[in-house]
Amino acid sequence: MSCFCCGSAPRIVEETEIIVKEPVVMAAPIKVAVTGAAGQIAYSLLYQIASGAVFGPNQPVYLHLLDIAPMMGVLNGVVMELADCALPLLAGVLPTANPEEAFKDVAAAFLVGSMPRKEGMERKDLLSANVRIFKEQGQALDKVARKDVKILVVGNPANTNALICSKYAPSIPRENFTAMTRLDHNRAQAQLADKLGVPVRDVKNVIIWGNHSSTQFPDASNALVNVGGINKPVPAAVNDDEYLKTTFVTTVQKRGAAVIAARKMSSALSAAKAASDHMRDWFLGTGDRWVSMGVISDGSYGTPRDVVFSFPVTVTNGKWKIVEGLTISDFAREMLDITGKELAEEKRDALEVCKD
Ligand code: NAI
């Protein structure tokens, strides 16, 4: 039968439309190392990695878990729990006390494990114990990891550990070694959101400069707050320079100690979240946001070269780039110099320890 009005053949109308979905294409699994895997931070971090929050929902992961020999029993419990999570993206788990096994062919490494500060221990003793660990792990990464491996050092002193690790892994590009200041960054963002009474997502471009230590400089001078769809400078919105130079800075600097005082344990949950954020942004990009990352310094903003210094960075195609052209006030200059001096001293002490 033809159509009454135009005489053409009638259109056959399906009663139900079938929506053909593109099949989800899973990537080949990548190997991801986590050290200190029996510790507190790893306990939160492992779930985030294995659930897709870091490398994306279509990227299976094979977890290589490193801890020291006496912790293998505890680590075994963690392996059992990972199995019990029944995570579709978890392709396999390898628990080990051997760094070369742990870093074999890894595309990403979270170096969390380190020696905790014990009572009466001087900062120098802690540095000495930990840089030896990172020297050994640098050597192992150099030998067996993928040459494009992305390394995030969380274990303290994170910046200097990252520097030492890179020095002992000369076959891996130096820009692939980074230190975590993202927890401080997230803390700064949260403090400003609270001060302004806005959701944390409406604040961006805070900066943590320098060392992940009490000399770090949390800087709000370039931060923006979204008010009714328009980005406004945070300093104008806060309208309290004294607060931004004093209370804001010290609150962020001392937040770790405040959490320990309240919880009687360190800030493992937020540290794990920050490690996830850091690696996710490094792999998947930052868009137009800046994030703070400890990266090898090229002397930008008058900082000492060849230390791992936290800068504002953007990430595109897996490569970070320091944000250029920011104005540094006299106050900021003073703060950058203090934290830069500390990093130069830590580097000198660490290299001394590594000699033997
Ligand atoms: P934790 O003491 O609960 O766990 C540390 C784990 O590392 C332990 O299981 C220990 O056996 C292991 N470990 C020690 N030496 C090792 C080695 N040579 N190889 C492999 N594993 C080793 O400590 P938590 O709370 O998980 O913290 C880990 C580190 O992260 C500490 O150094 C802490 O100061 C640091 N941290 C850094 C932050 C940052 O923002 N960069 C924030 C919070 C903590």
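Two strands count as paired if DSSP finds at least two bridges between them. Helices (H or I, at least four residues) and strands (E, at least two) are DSSP runs, numbered from the N terminus. I start there because strands of a sheet pair through backbone hydrogen bonds, either parallel or antiparallel.

A word on what we are looking at. This is a predicted model, where local features need pLDDT of at least 70 and side-chain atom pairs count only at pLDDT 80 or more, while totals for chains, interfaces and linings use all residues. Residues are numbered from 1 along each chain as its sequence is written, and side-chain values use heavy atoms, with hydrogens and water left out.

Now the sheet. Three strands make an open sheet in the order β7-β10-β11, with antiparallel pairing. Its edge strands are β7 and β11 (230–233), each pairing on one side only. Between β7 and strand β10 (residues 224–227) there are two bridges, in the antiparallel sense. V203 stands opposite V225 in β10.

Is N205 buried or exposed? N205 is buried, at a relative accessible area of 6%; buried means under 20% relative accessible area, exposed over 50%, and partly exposed in between, with a 1.4 Å probe and protein chains only. Contact here means heavy atoms within 4.5 Å. Setting aside neighbours within four places in sequence, N205 is in contact with N222, A223, L224, D288, R289 and W290. With W290, the side chain of N205 reaches the backbone nitrogen at 3.0 Å.

Next, the record. UniProt, in an unreviewed entry, places the feature "binding site" at R117, R123, N156 and R187. Those positions are given in the numbering used here, the feature names are shortened, and annotations may be inferred rather than shown by experiment. The four residues span 71 residues in sequence, and the farthest two C-alpha atoms are 23.8 Å apart, so they do not all gather at one spot. The lining of the largest pocket includes R117, R123, N156 and R187. A pocket, on a 1 Å grid over the protein atoms alone, is an open set of points where a 1.4 Å probe fits, with protein on both sides within 12 Å along at least five of seven lines, and lining residues have an atom within 4 Å of a point.

Taking two of these in turn, R117 sits in the loop between β4 (108–111) and α4 (123–144). Not counting residues up to four places away in sequence, R117 touches E122, R123 and L126. R187 is in helix α6 (residues 182–196) and counts as buried at 11% relative accessibility. With the same exclusion of residues up to four places away, R187 touches V252, R255, G256 and S267.

Some backbone points. Most residues other than glycine have a negative phi, and most peptide bonds are trans. A cis peptide bond joins N156 and P157, with omega about -5 degrees. D105 has a positive phi of about 60 degrees although it is not a glycine, and D105 is partly exposed, at 35% relative accessible area. Y301, also not a glycine, has a positive phi of about 55 degrees; Y301 counts as buried at 16%.

Last, the overall division. The chain has domain 1 (30–179) and domain 2 (182–347), with bounds from an automatic or database domain assignment. Their C-alpha centres lie 24 Å apart. The contact takes 32 residues from domain 1 and 35 residues from domain 2.

Note on methods: Polar contact = N/O pair within 3.5 Å; in protein donor to acceptor, adjacent residues only side chain to side chain.
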